[in-house]
Amino acid sequence: MDLNELFREESDVLNRSQDVAAQTTLSAEDYRDALLMVNRHYQRLMRETYRMISRSDRAERELNRVNEQLHQLAQELEYKASHDPLTAVWNRGAIIQRISQTLSNGAAALIILDIDHFKRINDEFGHPMGDKVICALVSRIQAHCPAEASIGRIGGEEFTVLLPHYRLSDAVIVAGAIHASLNASPLAVLPGQLVTASLGVSYGKPGSDFETLYNNADVALYDAKNHGRNRVFFR
Ligand SMILES: Nc1nc2c(ncn2[C@@H]2O[C@H](COP(=O)(O)OP(=O)(O)OP(=O)(O)O)[C@@H](O)[C@H]2O)c(=O)[nH]1
């Protein structure tokens, strides 16, 4: 933007006042008029400057507000992209990524848990109750997991527990605690009957891949189901 164009009026006044100042023969009245003119324009300039500062303050506040909203939205999107909406544990994509990442840094054990005869619960008590059972079961899993565990929902009623740096025997103990808890007392949402699960446990060496770790746990889970459900198998 051309500064002379922006302050055309002020530039004119400045030039005129400089002309007046350069002359020595003008009357006091002429000097006074020139001074008043400069004064008037100076006041206008102050008012305009004040208005512009207020406007820019408002714009800055609005920009900060929009920025904050964007930041919040980005966080919400990131959360939704990585979490299961029903149970708030890691979703399939996110847990697979965590498992692969963990294995690239060291050893890990994996538990796969699948609710037994869950279809019957849905059929008998309805889908909304089935959802409540899933959530209550996840709370049970959480209550028996160490702080470093990551819980994920791989499919409908199938969950994984990733245990970084765990040996197979220690992971089996965690799986056993979850299994024992489910058999010890019914979930509060369904007090009339036990909800049990079958669990498969596997171990992955440092540098091994997600597929091998998952498949081993899945085969163990399959064995647990085939041996009558409600048990822990490992591989
Ligand atoms: N309420 C509810 N049900 C779900 C959800 N996801 C999957 N299911 C149900 O879970 C049931 C799984 O049934 P199956 O695969 O036959 O397994 P199951 O009845 O648990 O039998 P086993 O695993 O062999 O012990 C199906 O009826 C699905 O509709 C969910 O988010 N909410």
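## Exercises on a predicted model

**Exercise 1.** In which helix is His179 found, and is this residue buried or exposed?

*Solution.* His179 is found in helix H7 of this predicted model. The next step is to compare its relative accessibility, 19%, with the cut-off for burial, which is under 20%; His179 therefore counts as buried. Its surroundings can then be listed: leaving aside neighbours within four places in sequence, His179 is in contact with Ala197, Leu199, Asn230, Arg231 and Val232.

**Exercise 2.** Determine which elements give two or more residues to the largest nonpolar core, and identify the residues with the most contacts inside it.

*Solution.* Begin with the core itself, which has 32 residues, with Leu137, Ile141 and Leu163 making the most contacts inside it. Two or more residues are given to this core by each of the strands E1 (108-115), E3 (158-164) and E4 (197-204), and by each of the helices H5 (118-125), H6 (127-143) and H7 (168-184). The largest share, seven residues, comes from H6. Turning to Leu163, and not counting residues up to four places away in sequence, one finds that it touches Ala108, Ala109, Ile111, Pro146, Ala149, Ala171 and Val174. A second, separate core has 13 residues, among them Ile99, Leu103, Leu213 and Tyr214.

Key
Residues numbered from 1 in each chain as written. Predicted model: local features only at pLDDT ≥ 70, side-chain atom pairs only at ≥ 80, totals over all residues. Heavy atoms only, no water. Core = buried A, V, L, I, M, F, W, Y, C linked by side-chain atoms within 4.5 Å. Buried < 20%, exposed > 50% of the residue type's maximum accessible area, 1.4 Å probe, protein only. Helix = DSSP H or I, 4+ residues; strand = E, 2+ residues; numbered from the N terminus. Contact = heavy atoms within 4.5 Å.
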